[in-house]
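Please keep the sequence and the coordinates at hand.

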Amino acid sequence: MQRRNELDALRGIFLLLMVGTHLPTVVNDFANQPLGYASAAEGFVFLSAFLVGSIYTPLMFQRGTAYVRDRLWKRARKLYGYHVLLLLFLFTLVAAFAASTGNIALHDYLLVFFRHPLWAIAASPFLIYQPPLLDILPMYIVFLLASPALLRFAGRRGWTPVLIGSGLLWLFAQLHGGRLMYELASKAGLPFERAAFGAFNWYAWQLVWVCGLWLGFGQHRDEGAGARRRWLRHPAVAAAAVATCVFFLLWRYHVGGLLTHVGAGSAVVDKWTLGPLRVIDCAALGWIFNQTLLPALRWLRAGVLELFGRNSLQVFCAHIPVCVLADAVVDGRPSLPGALGQAMFLALMLGVMLFVAWQADIGSRRGGARASRTRFAHAAAQERQERG
């Protein structure tokens with residue numbers, strides 16, 4: 001698949017919104033679910049899965065499942081390495097600073113670690129203990145590891161059973177199945193703390209990943225994709241999508257007192273379990289983005305956004321220490337940094353993001369150049385051998 005710069009730019013937008021949500025500044029008020037009951041996290045996970053499906057589906061049919069598995073698992077191992085480095089940073093430098101200074105924000109951030117240090121150290125490499133901000137990477141890693149098997153199964157038997165199974169798991173999450181399993185584990189005497197598992201309910205969020213894989217797969221192997229695209233462009237679908245997004249936008253900001261008795265914590269729009277109305281809002285926003293924002297990004301060629309999108313996972317990992325540093329400075333007092341302090345937080349964050357993205361981009365280009373030289377040398381040697 002040829003690289004689509006507009007998708008990189010869209011990932012860059014999602015990344016900036018997630019970073020703005022995590023950083024303790026006034027930007028948080030705008031970046032957190034700005035367009036309704038849908039956040040950048042859903043878009044980032046969906047788009048990542050879509051790219052996995054788009055890129056690796058043709059490779060699977062050309063080179064086999066083993067090749068795709070090796071590539072995706074290699075990427076998962078790399079992300080796991082980043083995750084372990086972040087855990088070491090938290091369990092050593094951050095924990096020592098919190099213990100020596102009595103910083104309340106950092107102590108609360110690592111509350112499970114301070115309560116059960118040995119358990120936290122033992123459980124975190126197995127992706128069981130997930131401190132705040134380090135809960136999306138474990139989910140992403142597991143989904144990457146599962147993707148080759150899903151693509152292989154769908155390639156042989158179709159997507160219908162995969163989508164049905166994914167929907168049932170999502171329904172299991174809506175019925176509080178995860179809580180039930182936690183309670184059973186607690187009764188069995190397993191030393192788990194509910195706060196240790198992170199905020200994301202994997203039973204629900206796998207639906208976002210599976211749908212992304214399915215649509216990415218359909219870019220190459222779905223015979224009915226053309227008819228489905230024509231159906232999605234129907235004026236009635238456009239009107240429904242726009243009306244849905246407007247409704248949720250008005251609800252989000254309580255315009256005219258709309259549904260004020262049903263707040264953001266309601267199960268129907270809950271972020272962590274992907275409530276049913278939230279899924280509808282995400283789908284409608286996805287349709288609008290595909291029809292309007294992607295063509296605009298294709299025309300604009302926003303270089304910085306594309307740079308962030310190409311190296312989004314490295315940049316995401318790099319933003320976590322800056323957020324932890326900012327939380328340590330604020331220490332539970334949102335008014336402490338003031339306008340100047342918040343501007344410094346934002347400038348530091350953007351500087352770190354740009355530096356990491358730039359360095360990662362250089363490494364990717366060098367790796368691509370080495371691979372091109374290797375392929376050229378191999379082709380030249382093969383040609384000489386055939387002539388001889």
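In which helix does leucine 47 lie? Leucine 47 is in helix α3, which covers residues 40-63. The model is predicted, and the values below are computed from it.

## Leucine 47

Leucine 47 has a relative accessible area of 4% and is therefore buried, the cut-off being under 20%. Leaving aside residues up to four places away in sequence, leucine 47 touches Leu7, Leu10, Arg11 and Phe14. Leucine 213 is 166 residues from leucine 47 in sequence, yet their C-alpha atoms are 9.0 Å apart in space.

## Chain as a whole

The protein chain has 17 helices and 0 strands. It consists of 388 residues, of which 42% count as buried.

Of the contacts between residues at least 6 apart in sequence, 77% join residues at least 24 apart.

## Helix α1

Helix α1 runs over residues 5-22 and has 18 residues.

Of the 18 residues of α1, 14 are buried, which means that the helix is largely enclosed by the rest of the structure.

## Aromatic pairs

A pair of aromatic rings is described by the distance of the centres and the angle of the planes. The count for this model is 16 aromatic pairs. One of them joins phenylalanine 172 and tyrosine 203, with 5.1 Å between centres and 80 degrees between planes, an edge-to-face arrangement. This pair links distant parts of the chain: phenylalanine 172 belongs to helix α9 (residues 160-174) and tyrosine 203 to helix α11 (residues 202-221), 31 residues apart. Phenylalanine 172 counts as partly exposed, at 29% relative accessibility. Tyrosine 203 is partly exposed too, with a relative accessible area of 29%.

Phenylalanine 248 and tryptophan 251 form a stacked pair, 5.7 Å from centre to centre and with 25 degrees between the planes. Both residues lie in helix α13 (residues 235-252), 3 residues apart, or about one turn of the helix. An α-helix has 3.6 residues a turn, so residues three or four places apart point the same way. Are phenylalanine 248 and tryptophan 251 buried or exposed? Both are buried. Elsewhere, ring pairs connect Phe91, Phe113, Phe114, Trp119 and Tyr129 into a cluster.

## Charges over rings

Two arginines are placed over tyrosine rings. Arginine 63 lies over the face of tyrosine 67, at 4.8 Å from the ring centre. For arginine 252, the charged end sits over the ring of tyrosine 253, 4.9 Å from the centre of that ring.

## Glutamine 314

Glutamine 314 is located in helix α16, residues 312-330. Why does glutamine 314 count as buried? The relative accessible area of glutamine 314 is 18%, and buried means under 20%, so the residue falls on the buried side of the cut-off. With residues up to four places away in sequence not counted, glutamine 314 touches Lys78, Tyr82, Val356 and Ala360.

Methods:
Residues numbered from 1 in each chain as written. Predicted model: local features only at pLDDT ≥ 70, side-chain atom pairs only at ≥ 80, totals over all residues. Heavy atoms only, no water. Helix = DSSP H or I, 4+ residues; strand = E, 2+ residues; numbered from the N terminus. Buried < 20%, exposed > 50% of the residue type's maximum accessible area, 1.4 Å probe, protein only. Contact = heavy atoms within 4.5 Å. Expected span 1.5 Å × (residues − 1). Phe/Tyr/Trp six-rings, centres within 6.5 Å; stacked < 30°, edge-to-face > 60°. Lys NZ or Arg CZ within 6 Å of the ring centre and 35° of its normal.
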